[in-house]
Amino acid sequence: YMTVIFPVVSRYYVSSREKLEHFLSYSLKLAVSVSLPISVMIFFLARQIMDLFYEEGFENGVIALQILIWGVVIIWISSHYGNSLIACGAQRKYMYGVSIGAVTNIGLNFLLIPQFGMVAAASTTVFAEIVVFAYMYYYLRKIVKPVLRKQLARPILASLGIGIFLYYFAPGHGLLLNVTLAVVIYGVVLIMVRGVSLGEIR
């Protein structure tokens with residue numbers, strides 16, 4: 001995905017900052033609209049997913065998956081900011097941000113994993129990604145200011161809808177049925193709240 005938008009970002013950085021801001025805002029909207037519902041579905045269906053692949057005794061794996069999956073949303077958003085920094089010629093800033101994230105992750109793993117195990121590993125990974133995102137966000141906004149808050153609101157609302165649905169409906173129903181209905185509900189709600197237009201779908 002980033003290999004597709006990278007040359008566009010690079011071109012607009014040279015030719016039009018206004019077009020770059022609009023393009024990144026739209027790309028962020030797409031990334032959030034896809035990654036957020038996936039994370040919500042896996043969070044609520046984590047036990048069914050783990051039961052599909054493993055036998056009993058992996059309760060901590062369920063918790064770890066529920067934590068780790070939120071890193072997907074953060075990484076998708078952060079990758080937009082980070083790769084945009086590279087496309088805009090700020091490779092050194094990107095390298096520093098990734099290095100800070102790696103050091104944070106390794107340090108916290110060293111401190112917490114011996115006592116808290118798998119759950120700590122998942123939590124520190126997500127926290128490190130948040131640190132990287134904050135860094136990339138700060139430095140990219142010195143160059144261009146894509147709109148993030150507005151892009152989050154409607155996908156969050158639609159994802160909240162499937163979260164409520166899965167919380168009450170998922171127990172006692174099969175994984176395939178839960179996923180199918182959640183995807184349909186998310187699509188319908190997202191269109192209803194105008195998170196995506198029919199023209200964009202086409």
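Let's start with Ser 39, which you'll find in helix H2, the stretch covering residues 17-44. Keep in mind as you look around that this is a predicted model. Is Ser 39 buried or exposed? Its relative accessibility is 0%, so Ser 39 counts as buried; the cut-off for that label is under 20%. And what is Ser 39 in contact with, once you skip its neighbours within four places in sequence? Look for Ile 69, Trp 70, Val 72 and Val 73.

Now hop over to helix H6, which runs through residues 91-140 and holds Thr 124. Thr 124 has a relative accessible area of 2%, so this residue is buried too. Setting aside neighbours within four places in sequence, Thr 124 is in contact with Asn 105, Leu 108, Asn 109 and Leu 112. Pick out Asn 109 from that list: its side chain and the side chain of Thr 124 make a polar contact, at 2.5 Å.

Time to head for the surface. Here Phe 44, Leu 157, Leu 160, Ile 164, Tyr 167 and Tyr 168 form a nonpolar patch, and together they have about 680 Å² of accessible area. Which helix gives the most to this patch? That's helix H7, residues 149-169, which supplies 5 residues.

Zoom in on Tyr 167, one of the patch residues, which sits in helix H7. Why does Tyr 167 count as exposed? Because its relative accessibility is 55%, and exposed means over 50%.

Conventions
Residues numbered from 1 in each chain as written. Predicted model: local features only at pLDDT ≥ 70, side-chain atom pairs only at ≥ 80, totals over all residues. Heavy atoms only, no water. Helix = DSSP H or I, 4+ residues; strand = E, 2+ residues; numbered from the N terminus. Buried < 20%, exposed > 50% of the residue type's maximum accessible area, 1.4 Å probe, protein only. Contact = heavy atoms within 4.5 Å. Polar contact = N/O pair within 3.5 Å; in protein donor to acceptor, adjacent residues only side chain to side chain. Patch = residues over 30% accessible without salt bridge, like charges linked within 9 Å, V, L, I, M, F, W, Y side chains within 5 Å. Areas by Shrake-Rupley, 256 points an atom, 1.4 Å probe, with all protein chains shown as cover. Salt bridge = Lys/Arg side-chain N within 4 Å of Asp/Glu carboxyl O.
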